[in-house]
Amino acid sequence: MSDHLRSTTARQSVAEQYVDLLARAGVRRLYGVVGDSLNPVVDATRRHQDLEWIQVRHEEVAAFAAGAEAQLTGRLAACAGSCGPGNLHLINGLYDAHRSMAPVLALAAQIPSGEIGTGYFQETHPDRLFAECSHYSELISSPRQMPRVVQTAVQHAVGRRGVSVVSLPGDVAAEHAPADGAELAMPLDRPAVRPAQEELTRLTELVDAAEKVTVFCGRGVAGAHAEVMAFAEKIKAPVAHALRGKEHIQYDNPYDVGMSGLLGYGAAYEAMHGCDLLILLGTDFPYTNFLPRHVRTVQVDIQPERLGRRTQLDLAVWGDVRETLRCLTPAVREKHSRSFLDRMLHRHVHALEGAVNAYTRDDEHTPVHPEYVASVLDEEAADDAVFTVDTGMCCVWVARYLTPNGRRRILGSFVHGSMANALPQAIGAQFTDRARQVVSLSGDGGFSMLMGDFLTLVHHGLPVKVVVFNNSSLGMVDLEMMVDGLPPYGTDYPHTDFAAIATAAGARGIRVSKPAQVRAALREAFAHDGPALVDVVTDPNALAIPPKITAEQVTGFALSASRTVLTGGVGRMIHLAKTNLRNVPRP
């Protein structure tokens, strides 16, 4: 704590101390909607030189934006909601942040402390409401709890990677903070976790004994690309990935055999089932029917509670991926046979060639194929762009057509599966760096759900580019209902000109109805110095239904337990696969 803070603690209000603690923890913005119970905190933020109040139109957007900022920067981010309905609106975005392991501190303002428990106007109990979507949720009912409760909340959010919630009555926020509050350490950097030597020895033995090893990567391989490549090279292992691992491992990867899961492609499924040792690296892959049941399996994860909860393990290794591989790779014996790896690389190319179709080259078909839009977007977007992706069909296009390169980032509601996440996440992403290109891939259903916060882009001059895949329907729900043997019902929307709405809001709006217009429209939007929306009228029937899928294979986010990959192209990933194939030695 600085000397200035020590000398002024007695004169600080609880709200001022709260804001100081946020700044000390690295928070730079506080997203929210003002309200009377929040007034002391908002005013303290106004007067603080290191913290900015970011006004949005809906508190759910505030939580999504904070979660996106935390995922991009790795730092603590913050949001706030006024008492009752105000903070209750935070809950969906906080669920997403928590399940995405994003360190977020939420302030839930509360009614006057003397009225709690009386059924007062707007009374709720946020300390209870947010318990399931947080590591820590506590009510400050007395100034004497400061600063310890806030510091403890920060430590939970940063240390355990998730959400903490502090509930604070407005009258308590306006009171003086104690002069002799405890000064607790606030560690903000995560340590490297090395597995126990016994686990490393056993893992080495399993790898050495296996003839065919496959590596399957999730988001936990972030920052460990070089280590995974070195390990795969030494043991000649194909490398598959889940959707959340795509951005971290697919690029510059001569061992890539594609993605497994609901939207998978390539030879990933075959490589995972055809090996005799499967190593799961940093993944909490939830779709158990995609995991083999009769293959020896090892899981490496820094979160011990995730070990073995999706599939039976032969060995559970508690440690972070990079540190584990740094210890493991020098210890294992090098394998010289590439037969399994080369066979999977060939199968990967064959699978991709079977999936690629004319959609990505079609400049005549109307309505526009969404695959074509995604492939052109991949070509035109910046090499370091941040893509935020709505849940639903937009995830299909991202999984198959966006090309990672180690600099691009992809954010979505990939675990919580919420609609309407892309635009709010783009707001948080753009605030972290106004000069970086941020693109929201929004479905018309998701965009319209929180469309009011398109005005936030205009209000703050955020140059976010929103690409709306406008098929006038809830496309993924359509698909789910048809696979279930039901006629689509309640999924259609009236045709809406979102470009006209964007123009009326003061942004650049561009309407696209023909494929030949797509590239020029994207270039115009990217060149515009401010928020822009490209409204593309897309074909609602672009995705064919796999012929063997069953009703039991439709769950939650999209299609689960299916061994049949959804049909459709995979864009430039075919070129990645062919590049890898050229590295296979010829007989």
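**Helix 11 and its surroundings in a predicted model**

I will start with packing. The buried residues of helix 11 pack against helix 10 (197–209), strand 7 (213–217), strand 8, helix 12, strand 11 (277–281) and helix 14 (321–328). Buried here is under 20% relative accessible area, exposed is over 50%, and partly exposed is in between, with a 1.4 Å probe and protein chains only. Helices (H or I, at least four residues) and strands (E, at least two) are DSSP runs numbered from the N terminus. Contact means heavy atoms within 4.5 Å.

Some notes on the source. This is a predicted model, in which local features need pLDDT of at least 70 and side-chain atom pairs count only at pLDDT 80 or more, while totals for chains, interfaces and linings use all residues. Residues are numbered from 1 along each chain as its sequence is written, and side-chain values use heavy atoms, with hydrogens and water left out.

Back to helix 11. Eight of its 11 residues are buried, so the helix is mostly covered. Those residues are His225, Glu227, Val228, Met229, Phe231, Ala232, Lys234 and Ile235.

Just after helix 11, Lys236 takes a positive phi of about 55°, although Lys236 is not a glycine. Lys236 sits in the loop that leads from helix 11 (225–235) to strand 8 (239–241). Is Lys236 buried or exposed? Lys236 is buried, at a relative accessible area of 8%.

Asp252 belongs to the loop between helix 12 (246–249) and strand 9 (256–259). Asp252 is exposed, with a relative accessible area of 60%.

Next, the nonpolar cores. A nonpolar core is a set of buried Ala, Val, Leu, Ile, Met, Phe, Trp, Tyr and Cys residues joined through side-chain atoms within 4.5 Å. Which residues touch the most other members of the largest core? In that core of 89 residues, they are Val228, Phe231 and Leu281. Helix 17 (residues 393–401) gives the largest share of this core, eight residues. A second, separate core has 46 residues, among them Leu90, Phe130, Leu462 and Leu533.

Val228 and Phe231 are also on the list of buried residues in helix 11. Leu281, leaving aside neighbours within four places in sequence, is in contact with Val215, Phe216, Cys217, Gly218, Val221, Val228, Val300, Val321 and Leu325.

Another helix to look at is helix 18 (residues 422–432). There, 10 of the 11 residues are buried, so helix 18 is largely enclosed by the rest of the structure. The buried residues include Leu423, Ile427 and Phe431, along with Gln425 and Gln430.

Now cavities. On a 1 Å grid over the protein atoms alone, a cavity is a set of points where a 1.4 Å probe fits but cannot get out, and lining residues have an atom within 4 Å of a point. Grid points are joined across faces, edges and corners, and a volume is the space filled by probe spheres set on the points. Searching the whole structure gives three cavities of 30 Å³ or more.

The largest cavity holds about 40 Å³. Its lining is Leu243, Arg244, Lys246, Glu247, Val398, Ile410 and Phe414. What is the make-up of that lining by class? It divides into four nonpolar, no polar and three charged residues. For these classes, Ala, Val, Leu, Ile, Met, Phe, Trp, Tyr, Cys and Pro count as nonpolar, Asp, Glu, Lys and Arg as charged, and the others, Gly among them, as polar.

The second largest cavity also has a volume of about 40 Å³. Leu280, Thr283, Asp284, Phe285, Leu291, Gln299 and Arg310 line that cavity, giving three nonpolar, two polar and two charged residues.

A few local items remain. Met146 and Pro147 are joined by a cis peptide bond, with omega about -5°. Pro147 is in the loop between strand 5 (136–139) and helix 8 (148–160). The search for disulfides, pairs of cysteine sulfur atoms within 2.5 Å, finds zero in the whole structure. Cys83 is buried at 6% relative accessible area, and Cys133 is buried at 0%.

Finally, the totals. The protein has 24 helices and 21 strands, and buried residues make up 59% of its 587 residues. Among contacts between residues at least 6 apart in sequence, 73% join residues at least 24 apart.

Definitions and conventions. 1 Å grid on protein atoms, 1.4 Å probe; cavity = no way out; pocket = protein on both sides within 12 Å on 5 of 7 lines; lining within 4 Å.
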